[in-house]
Amino acid sequence: MDIGIRKAFKRIVVYLMLIIIPILAVDYYVDAYASFRLTYNKIAEIAMESNYCVGNDISLSERKAKWSIMNHMAAAEYMILGSSRSMLFSKENLALDSFFNMGVSGGSWVYDYLAEIYILYYNDKLPDYMLIELSPCIFNRYSGGGDGKEWGNSTEYMRRVMMGENIHYDDSELLGVQVKDIISPAYFKYNWEQLIHHRRTYVEKNMFADNEQLETWHIDGSFSYSRMFQQKNDIETILREINSDCESKSIYGCSNFKGIDQSLCEEFCKLLDFLKDKGVKVSFYLPPYAEPMYDYICAEDDYAAILEVEKWALQYGAENGIQVYGSYDPTNSNLKLADFYDGYHIRDYKVRDTLWVRIDGLPCEWSK
């Protein structure tokens, strides 16, 4: 090779390295999508060792983190499927030795439930007992929920399993190193924007169940709010937020909710049939609203469908031998406004009080 050509080639290589190395360094340090330095599989490894806190600089996917933990954890006898309204249930406050809480924020949608059940089924980790949260939005076609893509194709895989197809697919490569992100100019651009604002993706181990600043996921899948968060809202603030939601007709997941969507209901019932066929004993959990919000729901025709879901749960449970726990009505659980963080979420010291039996004569596996 001509000396001039070799020098030119070396120059090009040097220039490329001067460009590529800073790009990789920024992508590695910030790693906004948990694609490189801190993958979701790495988060699962940390979760297996201790309680952990997902850093708040850049929001990570709760679903991908929970998915990876489900892949790594041992099978549990008792599991809860739900949203942030049931994430405070833990093995301690339920007095259960073998327990895992699969709840994720906003997770009370049929597609979330389908995906999570498929992941358990694929990993041969279906539990003996499953408590399924039934928030009204599960049957609202216009709930505003996403499409479940954070679970990969697991929602669609579960639909195919319920149709009788013998499939066994796995999208867990989405939880490891994502080469497509590392080589993406758009990913570098986003990471650079985060770096300028001094934000990066991180997790912290937290060996304590109670922490002043850290909102913490626990090794049993349950969740604890930080003490700072628990104390930030007094009753006047909570009431003001509830009144705002009611006045703007923006009760979570229940906008334009005219009645139970039959297609969603049928898909959910197929999922229940699948679990029954696999020997899983299912129960329903109805999470309460704060009293001012529940009173508004009862008084407004636009929210009559919320009460319809509770009636459906009781009727379906009675007809199919499924125990129902709790009620949307907080007075049935002896809850006061001070027992809530907001209109939807109960404080941890009261969550156990909401798990009471609705149907006489049926087994009470969750009331111990």
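## Basis and overall make-up

The model is predicted, with local features requiring pLDDT of at least 70 and side-chain atom pairs counting only at pLDDT 80 or more, while totals for chains, interfaces and linings use all residues. Residues are numbered from 1 along each chain as its sequence is written, and side-chain values use heavy atoms, with hydrogens and water left out.

The chain holds 13 helices and nine strands, taken as DSSP runs numbered from the N terminus (helices: H or I, at least four residues; strands: E, at least two). Its C-alpha trace spans about 90 × 55 × 40 Å along the principal axes. Of the 368 residues, 52% count as buried, that is, under 20% relative accessible area with a 1.4 Å probe and protein chains only. Among contacts (heavy atoms within 4.5 Å) with a separation of 6 or more, 76% come from residues 24 or more positions apart.

In helix 2 (residues 40-49), the buried residues are Y40, I43, A44, I46 and A47. Viewed down the helix axis, these residues fall within an arc of 160°, so they line one face of helix 2; the arc is that of the directions from the axis to the C-beta atoms. An α-helix has 3.6 residues a turn, so residues three or four places apart point the same way. The buried residues of helix 2 pack against strand 1 (52-54), helix 3 (62-72) and strand 5 (203-205).

S61 lies in the loop between strand 1 and helix 3 and, at 10% relative accessibility, counts as buried. Once neighbours within four places in sequence are set aside, S61 is in contact with Y40 and E150.

## Packing of helices 5 and 6

Helix 5 (residues 110-122) packs with helix 6 (residues 154-162) at an angle of about 75°, their axes lying 7 Å apart; axes are lines fitted to C-alpha atoms over the stretch in contact, and angles run from 0 to 180 degrees between N-to-C directions. The two helices are therefore roughly perpendicular to each other, a term for angles of 65 to 115 degrees.

From helix 5, Y111, L114, A115, I117, Y118, I119 and Y121 meet S154, T155, Y157, M158, R159, V161 and M162 of helix 6. By class, this contact has eleven nonpolar, two polar and one charged residues.

## Q323 in strand 9

Q323 belongs to strand 9 (residues 323-326) and counts as buried at 2% relative accessibility. The side chain of Q323 reaches the backbone oxygen of L362 at 3.3 Å. Not counting residues up to four places away in sequence, Q323 touches V282, S283, F284, V357, R358, I359, L362, P363 and C364.

Technical notes:
Buried < 20%, exposed > 50% of the residue type's maximum accessible area, 1.4 Å probe, protein only. Parallel < 35°, antiparallel > 145°, perpendicular 65-115°, else oblique. Nonpolar A, V, L, I, M, F, W, Y, C, P; charged D, E, K, R; others polar. Polar contact = N/O pair within 3.5 Å; in protein donor to acceptor, adjacent residues only side chain to side chain.
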